[in-house]
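Dear colleague,

Please find below the structure that I am handing over to you. A summary of the findings follows it.

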Amino acid sequence: MAELADNRPFPPGRYPIVVVGSGPGGLQLAYSLSHLGVPHAAISADDAPGGMFRKWPVFQRMLSWTKPYPGFPPGSREFERCDWNSLAGEDADHRGLMAHVMDRTSHFPSRPEMQKGLELFASRSGLRIRYGCRWEATRNQDGEFVLETSDGEYRARTVVFAVGVAQPLRPPIPGAEHAALYGELRPIESYKDRRVFIIGKQNSGFEIASGLLPWARQIILASPSSTKLSVNTHSLVGVRARYVQPVEDWALAGGVVILDAAIEEIKPAGGELQVRTRTTANVAIEFAVDDVIAATGFLAPLQDLPQLGVTTFGQSGLPAQTAFWESLSVPGIYFAGTINQGAKGLVKHGIPSNSGAVQGYRYNARVLARRLAELHGVEIERRTIPAADVVSTLLGEATRGPELWHQRSYLARVIAFDRERGIVDEGILPLVHFLDSGEFEGAAALTLESNGKEDLYPIVYVRQGGRVKETPLPDDPFLNFETAVHRSMLADALKPLLSPSLSRAGE
Amino acid sequence: MAINELADAIAGFALFADLTTPQRQQVADVLTEQWFADGEKVLRQGLSGSGLYIILDGTAAIRIDGQDRANLRAGDFFGEISVLLGEPPTADIVAIGPLRCLVLPPAQVETFLKSNPGVMFRLLQGEARKVRVTTEWLS
C-alpha cells in the first residue's frame with residue numbers, strides 16, 4: 001500500500017476543485033476538466049475505474065446499446081447517437097471506445113465489456129485519479145469544504161460528487177429484513193424450483209424476474225402502481241424491452257404473476273415466507289413463497305452531506321440541484337453522473353431527461369466542466385456564426401448532434417444575437433438555464449423534444465424582451481430536420497432576432 | 001420520502017380525502033416528488049407539455065407577466081387547466097421559499113382521474129371554487 005501511495009496522484013491538500021468518484025460520471029468530469037486545463041484533484045474509494053459497472057448489473061449485461069454498424073464511423077459525433085456506453089472523448093482516439101471492446105454477440109455490451117471500455121478510456125486518455133482514497137466525512141470550514149478521507153484531508157471551494165445512485169434501498173415494510181436486496185442474490189442455481197416474490201416493478205425487478213425465468217417455479221412481481229413499458233411511453237420511462245419477457249409470460253398465463261398491490265408484511269412461517277398484500281381494490285391476498293427479493297430502488301450514498309445542508313428529495317434521496325448540477329441549498333457542492341437525475345429540467349410531456357444514464361450524463365459532465373472552467377478563470381473561446389449560416393447550423397445540430405438527441409428538452413444549443421459580439425455560438429447549455437437565468441436576452445435555444453406519442457422533433461425557444469416563445473418544428477420519419485420546411489419555419493421563428501444590423505455584424 | 005410516508009403526507013389533502021390506504025399508496029407510487037428552491041419556476045407561462053402538480057409543503061406564487069396574483073399552499077394543485085385543455089399555462093408558478101410538490105405527467109392525467117373517480121370529484125370541487133372566486137371578482 002505504501003508503494004501504491006507513492007505513485008498515486010493528488011495527495012491530500014488544497015485544490016481548486018475535488019472530484020469524488022471513478023464511475024463513468026466521475027471519469028467524464030475529470031477527463032473534461034483535464035481537457036480544459038482546469039486544475040483539480042480526482043479521488044476514488046475504488047481501486048480501478050468503472051464504478052458500479054465493476055459488479056452490476058447483477059445478470060451481467062447492460063441495458064444500454066452500442067450499435068456496431070450504425071452507418072457512422074466510431075469517433076464521429078453522429079456515432080454517439082447510437083453508442084450509449086462510451087464516454088465523450090475530445091480526441092479521436094478517445095471516442096467510441098465501446099465499439100472496440102465488444103464481441104458483437106449482442107449490441108448490449110456485457111458488464112465485463114462495459115468495465116473494459118471504461119478502463120480503456122481511462123488508460124488511453126491518461127486520466128489521473130487517486131484510487132483507494134475513500135471519502136469519509138465532510139465539513140464546511142473557513143469558506144471551503146474539507147473532505148476527510150482514508151488518506152487525509154482535502155480542501156476545496158468546489159467539490160463534485162460523482163458517487164452514483166447504487167445503494168439498494170430496503171423498503172419500509174414490516175419484515176423487510178427477510179427480503180434480499182438487489183446485489184444480494186444468491187447464485188442463480190439456488191433458486192431452482194422455488195417460489196420467488198419480487199417487490200418492485202421497475203427495470204431492476206424485471207431484470208431479476210427475467211434471469212429467474214429458467215429456474216424459478218413461480219415468480220410474483222408486485223408494487224402499488226401498474227407497470228409501464230418503454231415501448232409504450234416512447235422513452236426510458238418504464239420497463240425496457242429486454243426485460244419484458246416476464247410480462248409476456250404473465251399475459252400468456254405462463255405462471256408469472258404481476259400484481260398491483262401494496263405489500264403490508266413479510267413474515268417467516270414454517271420454513272417459508274408469507275407475504276401479505278392488499279390490492280388497490282382493497283382485496284387482501286397472501287402468498288406463501290420461498291424467497292422475497294426487494295428491487296425497490298437505490299439510494300444516493302451522500303453520507304453526511306444532508307447534515308451539511310444539502311437538500312434531498314424523492315425515494316432515492318437525490319440532492320436537489322440547479323440547472324448546472326450545483327446543490328440548490330449548499331453552493332459550491334456539485335454533482336456528476338447518474339446523481340444528476342436530481343436536476344430535473346423541464347420534464348416536458350412527463351418525459352424525464354436521460355441524466356440517469358451514461359448517454360445523458362456524459363454530456364452534463366462536459367457542460368459542467370466548461371462551467372467550472374469559466375468560474376475558475378479559464379477562458380473558453382466562442383465562435384461567431386455568419387447570419388446566413390444560423391439556420392443550417394441549428395438544423396445540423398438537430399439532425400446530427402448527440403447532446404440534443406440524448407438529452408431532449410434538457411440540453412440545448414444556444415446562439416446569442418448580440419449587437420457588439422455578433423452572432424455567437426454559446427455551445428451546449430442546460431435548457432432551464434437558458435429559460436430562467438436571464439443571462440441570455442436576444443438569443444435562441446434549439447433542442448429535440450419527445451412527447452411520448454409522435455416521433456421526436458426539433459423545438460426552438462426564442463428569448464427577446466424578457467419573454468420566451470417556443471416554436472416546435474415538424475417531425476420527420478427519416479429524422480432529417482434539414483428539409484426546406486424546417487429551414488423556412490426556423491428562419492421565421494428567428495426573424496425577430498436577425499435584425500439587419502445583426503446580420504451585418506455576423507457576416 | 002418513501003411511498004408509505006408520501007401516502008401518509010397526502011392523507012390530509014382534500015384531493016385525496018376519499019381514497020383508501022392502498023389507493024393512496026398507489027397514488028404515491030405513480031406521482032413523482034420534486035423539490036424547488038426559493039424563486040425557482042415550477043410552471044412557465046406559454047411553454048407546452050407541463051403536468052399536474054400538487055403542493056406537498058411550501059408556498060408558490062401565481063405570476064402573470066411578472067405580477068404575483070395569488071399564492072398556493074400545501075394541498076393545493078395547479079397545472080390541471082393546461083393538461084385538461086392541452087394548452088400551455090397562462091401563468092408562471094414560482095416557489096416562494098422551499099417548495100415540495102408531487103407531479104403527474106400530462107399523458108397520465110386522464111387515466112389517473114378516470115381510475116380514481118373520488119379524486120376527479122374533489123378536483124371538480126376545486127375547479128368550482130375557482131370559478132366562484134373568478135365570478136365574484138367579475139361581479
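How many residues of chain A are in contact with residues of chain B? In this predicted model, 27 residues of chain A are in contact with 26 residues of chain B. Four elements of chain A each supply at least two residues of the side that touches chain B: strand S12 (257-269), strand S13 (272-279), helix H13 (431-436) and S24. Of these, S24(A) gives the most, with three residues. By type, the residues on that side of chain A divide into twelve polar, eight nonpolar and seven charged.

Turning to chain A as a whole, its secondary structure comes to 15 helices and 24 strands. Its radius of gyration is 24 Å, close to the 23 Å that the globule rule gives for 507 residues, so chain A is as compact as a globular protein of that length. Along the principal axes, its C-alpha atoms fill a box of roughly 85 × 60 × 45 Å. Buried residues make up 47% of the 507 residues in chain A.

One helix deserves a separate note. In helix H14 (residues 484-494) of chain A, the buried residues are A:His486, A:Leu490, A:Ala493 and A:Leu494. They cover an arc of only 90° around the axis, which puts them on the same side of H14(A). The exposed residues A:Ala484, A:Val485, A:Ser488, A:Ala491 and A:Asp492 are on the other side of H14(A). The buried residues of H14(A) pack against helix H11 (390-400) and against strands S22 (443-449), S23 (457-464) and S24 (467-472) of chain A.

With kind regards

Definitions and conventions:
Residues are numbered from 1 along each chain as its sequence is written. Chains are lettered from A and ligands numbered from 1 in the order in which they are written. This is a predicted model: local features need pLDDT of at least 70, side-chain atom pairs count only at pLDDT 80 or more; totals for chains, interfaces and linings use all residues. A residue is buried if 20 or more other C-beta atoms lie within 10 Å of its own, exposed if 12 or fewer, and partly exposed in between; C-beta atoms are placed from the backbone. The arc is that of the directions from the helix axis to the C-beta atoms. Two residues are in contact if their C-beta atoms, placed from the backbone, lie within 7 Å. Ala, Val, Leu, Ile, Met, Phe, Trp, Tyr, Cys and Pro count as nonpolar, Asp, Glu, Lys and Arg as charged, and the others, Gly among them, as polar. The radius of gyration is taken over C-alpha atoms; the globule rule is 2.2 Å times the number of residues to the power 0.38.
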